[in-house]
Amino acid sequence: MRRLAPMLLAALAFLAAACEKKTQPAPSGEGGTQATQQGKPATPGGEAPAGADVILLGQVGALTGGQATFGISTRNGIEMAIKEANAAGGVKGKKLAIRVYDNQSKPEEAAQATTRLITQDKVVLILGDVASSNSLAMAEKAQAAGVPMITPSSTNTTVTQKGDYIFRVCFIDPFQGYVMAKFAREDLKLNKVAVLQDNKSAYSIDLSDVFTRKFTEMGGKVTTTESYSQGDTDYRAQLTAIRKTQPDGIYVPGYYSEVGVIARQAREVGLKVPLMGGDGWDSEKLFELGGSAIQGSYFSNHYSPDNPDPRVQKFIADYKAAYGSVPDALAALGYDAARVALAALERAKDLSGPSVRDAIAQTKDFPGVAGTITLDDKRNAVKSAVVLKVGDGKTEYVTTVNP
Amino acid sequence: MMETPALPVPEARSPIPASLRGIFPVLVALPVLALFQWLLSESPFAVYLLSVMGVNIILAVSLNIVNGMTGQFSIGHAGFMAVGAYISGVLSLNLKEVALSFLPVAASDQVLFTVALLVGGLAAAACGFLVGLPSLRLRGDYLAIVTLGFGEIIRVVVQNTDAFGRALGLSGIPQYSSPYMVYFWVFLVVLVARRIAGSSHGRSLWAIREDEVAAEAMGVDTTGYKVRSFVISSFFAGIAGGLFAHFVPIINPGSFTFVKSMEIVVMVVLGGLGSTTGAIVAAIFLTLLPEGLRSLFNALGTEGTLAQKVDQIRMPIYGLMLVALMLSRPQGLFGMREIWDVLPRWIPRRRRGLS
Amino acid sequence: MAQLLQHLINGLAAGTIYALVALGYTMVYGVLKLINFAHGDVMMVGVYMGYATAFVLGREARSSLLGVALIFAVAMLGCALLGFLIERFAYRPLREKPRLTALITAIGISFALSYGFQLDIGFLPGASPRAFPEVIEPTEWLIIGDRDVVVWNWQVISFLIAVALMVGLQYLVFRTRFGRAMRAVSWDHRVAALMGIPTDRVIALTFMLGSALAAGAGLLYAIKDTSVSPLMGLYVGLKAFVAAVIGGIGHVPGAVVGALVLGLVEEFVVGYAASTWRDAVAFGFLILVLLVKPGGLFGRVAAEKV
C-alpha cells in the first residue's frame with residue numbers, strides 16, 4: 001500500500017505533538033500560574049522542574065536565518081557562563097542545564113519556542129534574543145506566564161516595558177544614540193554628518209533617530225539619511241548619494257556584518273571621513289570585513305577589550321580557547337546575562353518565578369565583563385558606555401561616557 | 001507542456017445526505033469546536049501550536065483554490081496574509097479601548113475582533129483583485145513572479161510606514177484570538193473550498209486548470225473565474241493573517257517574506273494540487289514536523305555541544321525531507337483526490353473517475 | 001553630472017552580477033521550464049569553494065594569474081558537479097511529473113543548502129559573513145575629477161566577462177550541435193528523444209553549465225562586494241530571477257539586458273529617490289514591464305496550439 005506511507009508520516013507527526021501534551025503534568029487549572037506551581041518548594045532549596053538535581057534554563061535565539069551570526073555568538077557566551085558555573089559546583093548545589101531553541105530570526109517562532117520552554121520544559125528562567133522584535137514576542141509570553149526573562153542585547157526601550165519579569169543587561173537605544181551624538185559633536189567637533197541606517201533592523205532605526213535628534217539639538221546638521229537592508233552587499237548607490245552632501249562623518253548604526261563592507265565601499269567611492277557606529281560593530285569580524293578601510297572609525301560599546309581588568313582578560317582568553325575567536329559584544333552580553341541570572345538564582349530564596357524575579361531586580365554593581373551592571377527600577381541596566389577607535393586588528397579605548 | 005494524467009472527475013456527490021447538506025456542517029462544527037476549546041484551555045503551548053496550525057491550514061486551503069483548482073501559480077500568498085494581519089492589527093490596536101455598550105466586554109471584544117478580521121480579509125481581497133487582474137494577460141511563471149513581486153512590495157511598504165511599526169513590528173495587538181475562532185475559520189474555508197470544488201464553478205476552475213484555451217472555447221469565462229478565485233483565496237489569506245496577528249505577540253515584516261509564501265506553496269503541492277484535505281494534512285504535518293524534530297532532539301539530552309546545536313539542524317533537515325517526500329510521492333500526498341478517496345478499503349470508496 | 005556618471009557605473013556593475021546569475025537561470029528554464037530556486041544557493045556554495053581554495057593557496061599564490069584561474073576552476077567544476085548531482089537526484093526523477101513538483105524539490109534543496117551552510121559543524125562555514133580575499137588587486141582604471149568618478153578594474157573585467165559569456169552562450173545555443181540539441185529539447189523533449197537526441201545528457205550538461213556559470217558569477221560578486229555569507233544566494237538569486245523575467249525568461253541576451261536595466265533602476269532609485277523603496281520599485285518595475293509586455297522585454301508569448 002503505497003498510499004499508507006504518507007498517512008503514516010502524518011500520523012507520526014501527530015504522535016510527536018501528542019507526546020508533547022503528555023509530558024506536561026496537568027496544571028492545577030488557573031491559566032498563567034505556571035510560575036507558582038513551579039515554585040512550590042518541595043524541599044528546602046527549591047526544586048528543579050526537569051529533574052531532581054538539575055536546574056533547567058531556557059534560551060531562544062536566532063540560530064538560523066538572517067540574524068544567525070548574532071544569535072550564535074550569544075549562545076556561545078551563555079554556554080560558557082553555564083559551563084563555568086557547573087565547573088564551580090553549580091547553583092544551590094545543583095547542576096545547570098540549558099535548553100536552546102532556534103527562532104529562525106522570526107518573532108512568531110520566538111513566541112512558540114518560549115511557550116514551549118515555559119509549559120513543556122518548565123524552565124526557571126529564560127534568556128532572550130538579540131533582535132528586539134523577537135525579544136518582545138518572548139517577553140509577552142514570559143510575562144504572562146510569570147517566568148523571569150533577561151535579554152542580553154535587545155536595546156529597544158519597549159522590551160522591558162512588557163512587565164516586571166523582563167530585564168536586560170545592556171543599555172538602551174536612546175542612551176547609545178546620545179553617546180555617539182555627544183562624542184561626534186564635542187570630541188570630534190563634527191558639523192555635518194550623514195546617516196546610513198539598516199532599514200530592516202529596529203535597533204538601527206532607533207539609534208539613527210536618536211542620533212539625528214540629539215546631534216541636531218547640539219547644533220550639528222544631519223545632511224541626509226540613507227538606508228540599506230540587512231543582507232545587502234552593495235552600498236555604492238547610497239554612499240555616492242551621501243558623498244554628494246559632503247559630510248564630515250557618517251553615522252552607520254548597523255551590525256559588523258554589513259559595516260565592514262560599507263567602510264570598504266565608502267573609501268572606494270571617495271569618502272574619506274570617519275565612520276561612527278554602535279555596539280553592533282563589536283566583533284573581530286569587523287577587522288576582517290572592513291580591512292584597512294574601517295581603521296580610524298569610532299563606535300560606542302559596553303566595554304573595551306583593552307580593559308586590564310583580569311575578569312575581562314580571562315573571559316576573552318577563555319572564549320578564544322573555546323570558540324576560536326575573540327568574543328564580540330553579543331557574546332559578552334550573553335555571558336553577562338547568564339551570570340546575572342545565575343547570581344540571582346543563587347540569591348533567590350527558592351526557584352519560583354517571583355523569588356527569582358525579585359532576586360534579579362536586586363542586581364547591583366554586578367561585575368560583568370561588559371561593564372558593571374546595576375538594574376534600575378525600569379529593569380534596564382545602567383551602565384556607562386565607552387567609545388572605541390578602530391585600529392589595525394584591534395580597538396583603542398578613547399573615552400567613557402556616563403549616563 | 002506537461003500532460004497531467006487523466007483526471008478523476010470531481011465529485012458532485014458529497015458524503016453528507018442531501019437533506020442536511022445546507023446547515024448540517026455548521027451545526028456539527030460549533031459544539032465540536034467548543035469542546036475542543038474547553039479541552040485545550042489548560043495548555044498554552046498546545047493552544048499556540050494549534051493556532052499556528054489552523055492559520056497554516058487556512059493559508060494552504062485558500063492557496064489551493066488558486067494554485068490547485070485553477071492552476072494559476074501564485075507565490076505571493078504571504079503578501080495577502082500581511083495585508084490582513086496589518087490592517088486588522090492596526091484596527092484592533094486602535095479599537096482596544098472601545099467596547100460595545102450593549103454587550104459584555106468579552107463579547108464586545110470578539111465582535112470587534114470579527115469586524116477587524118473581516119476588514120483585513122476584505123482589504124486582502126481587494127489586493128487579490130488587483131493582482132488577479134494581470135492574470136488576464138499573464139500565464140504561468142510570469143504570473144508567479146508578479147505575485148511574488150506584490151508580496152515583496154507589501155513588505156517594503158510595511159517597513160516604511162510608521163503606523164505599521166516599521167522594522168520593529170506591531171506589538172500590543174490585543175490577543176483576542178482563540179482556537180475556537182481559528183478553527184471556525186478553518187471550517188469555513190474548508191467548507192467554501194469543498195463547495196467550490198463540487199459546484200459548476202469548481203468544474204469551470206478545473207477546466208481552466210487543465211486547458212485554458214479549450215475551457216474558453218467551451219464558453220467558460222476564464223478571466224472572470226480566475227480573478228474570482230484570486231479574490232476568494234486572498235480574502236481567506238487576509239483572514240488567516242488577521243487571526244495570526246491576534247495571537248502572536250508581535251507582527252513583523254520578517255514574518256511575511258517570500259520564504260513564508262514558499263512554505264505555503266510547499267504545503268499545497270505536498271498535499272496534492274487540488275486536494276483540499278491534502279492541503280490540510282500537509283499543513284498539519286509541516287507545522288508539527290519542526291516541533292517533532294525538536295522533541296526528538298530533546299530526547300538526546302540537554303548536555304553537550306551536540307544538543308546545543310541540534311535545533312539548528314532542523315531547517316536543513318526540513319529541506320532534505322521536502323526533497324525526499326516529493327521524490328517518493330511526486331503527485332503529493334493524495335494526488336488530486338481527497339482523503340476519503342485514498343483511505344483504506346473499509347471505508348466505501350467512491351467512484352474514481354477515468355483512471 | 002559626475003554624480004550621474006558614477007551612478008551609471010555603479011548600476012552597470014551591479015547589473016553585471018545579476019546578469020551572470022540570470023544567465024544560468026534562463027538557460028535552465030529554457031530547457032526544463034523549471035524555475036531553479038536553488039540556483040542562488042548553488043552560487044553561494046561555489047563562492048565558498050572559491051574561498052576555501054583561496055585560503056589553501058595562501059596570500060601569494062592566490063593573487064597570481066594562475067591562482068585566480070585555479071580558484072575559478074575549482075569553484076566552477078565543483079558547482080558543475082553539484083549541479084549534476086542535483087539534477088540527477090532531485091529533478092530528473094520528476095521530469096515527467098507536474099512542474100510544480102520539481103519546484104518544491106528546488107525549494108527543498110535551497111533550504112538545505114542555505115540553512116546547512118549556517119551550521120558551524122564540521123567543514124560547514126557557519127553563519128557569520130567572511131571577507132573574501134582580494135584575489136584581483138583592485139586598481140582604479142579611470143578617475144575623473146577629485147575621485148568624482150572612479151572605474152575599477154574588476155568592474156570592467158566583470159562587465160567584459162558578462163558580455164563575452166552572453167555572446168558565447170548565444171553562439172553555443174544557435175551555432176553548435178549541442179545548442180541545436182538544447183533547442184530541440186527545449187521545444188519538446190519527447191520528440192527530441194525520438195529524433196535520437198540524448199535528452200538526459202543534454203539536460204544534465206545544461207545544468208552543469210548553468211551551475212558553473214553561477215559559481216563564476218558568485219566569485220565575481222564576492223570580488224566586487226568582498227563579503228561571503230550563507231544567505232548571499234537568496235536575494236541575489238531572487239533579483240537575478242526578476243532580471244531574467246524582465247528580459248524574457250529563456251532568452252539569453254534578454255537576461256543580460258534585463259539584469260543591466262534592473263541594476264540601473266535600483267541604483268537610480270537609491271541615488272535620486274528614497275533608498276528605502278528600492279526593492280518595491282524594483283518589483284514594481286517588473287510588474288510594469290510585464291503588464292506592457294507580458295513575455296518580458298524580449299520574450300514572446302507562445303501562441304497556444306488548440
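Predicted model: local features only at pLDDT ≥ 70, side-chain atom pairs only at ≥ 80, totals over all residues.
Visitor: At what angle do the axes of H2(B) and H9(B) cross?
Guide: The axes of H2 (residues 44-69) and H9 (residues 222-245) of chain B cross at roughly 165 degrees and come within 9 Å. The two helices are therefore roughly antiparallel to each other, since angles over 145 degrees count as such.

Visitor: Which residues make that contact?
Guide: On H2(B) they include Val55(B), Ile58(B), Leu59(B) and Met69(B). H9(B) contributes, among others, Phe230(B), Phe236(B), Leu243(B) and Phe244(B). By class, the contact has 15 nonpolar, 3 polar and no charged residues.

Visitor: And how does H6(B) pack with H9(B)?
Guide: Helix H6 (residues 179-198) of chain B packs with H9(B) at an angle of about 170 degrees, with the axes 11 Å apart. That makes H6(B) roughly antiparallel to H9(B). Met181(B), Val182(B), Trp185(B), Val189(B) and Val192(B) of H6(B) meet Ile232(B), Phe236(B), Ile239(B) and Leu243(B) of H9(B). This contact has 9 nonpolar residues, with no polar and no charged ones.

Visitor: Now chain A. Into which domains is it divided?
Guide: Domain 1 of chain A covers 39-171 + 318-383, and domain 2 covers 173-301. Their C-alpha centres lie 30 Å apart. In all, 13 residues of domain 1 are in contact with 16 residues of domain 2. Helices H3 (68-87) and H5 (132-145) of chain A are the elements giving two or more residues to the domain 1 side. By class, that side has 4 nonpolar, 8 polar and 1 charged residues.

Visitor: What is the strand order in the sheet of 7 strands?
Guide: The order in this open sheet of chain A is E7-E6-E8-E9-E10-E14-E15, with mixed pairing. Strands E7 (221-228) and E15 (395-401) of chain A stand at the edges, each with a single partner strand, so one side of each is left without a neighbour in the sheet. The twist averages 25 degrees from one strand to the next.

Visitor: How many bridges join E14(A) to E15(A)?
Guide: E14 (residues 385-390) of chain A runs antiparallel to E15(A), and 6 bridges join them. Val386(A) stands opposite Thr400(A) in E15(A).

Visitor: Which strands does H8(A) touch on that sheet?
Guide: Helix H8 (residues 236-244) of chain A touches E6, E7 and E8 of chain A, and its direction makes about 170 degrees with that of E7(A).

Visitor: What about the sheet of 3 strands, parallel or antiparallel?
Guide: The pairing is antiparallel, and the open sheet has the order E11-E12-E13 in chain A. E12 (residues 371-375) of chain A pairs with E13(A) over 2 bridges, and the bridge partner of Thr374(A) in E13(A) is Val382(A). Helix H12 (residues 329-347) of chain A lies across E11 and E12 of chain A, at about 150 degrees to E11(A).

Methods: Residues numbered from 1 in each chain as written. Chains lettered and ligands numbered in written order. Axes fitted to C-alpha atoms, helices over the stretch in contact; angles between N-to-C directions. Helix = DSSP H or I, 4+ residues; strand = E, 2+ residues; numbered from the N terminus. Parallel < 35°, antiparallel > 145°, perpendicular 65-115°, else oblique. Contact = placed C-beta atoms within 7 Å. Nonpolar A, V, L, I, M, F, W, Y, C, P; charged D, E, K, R; others polar. Domains from an automatic or database assignment. Pairing = 2+ DSSP bridges.
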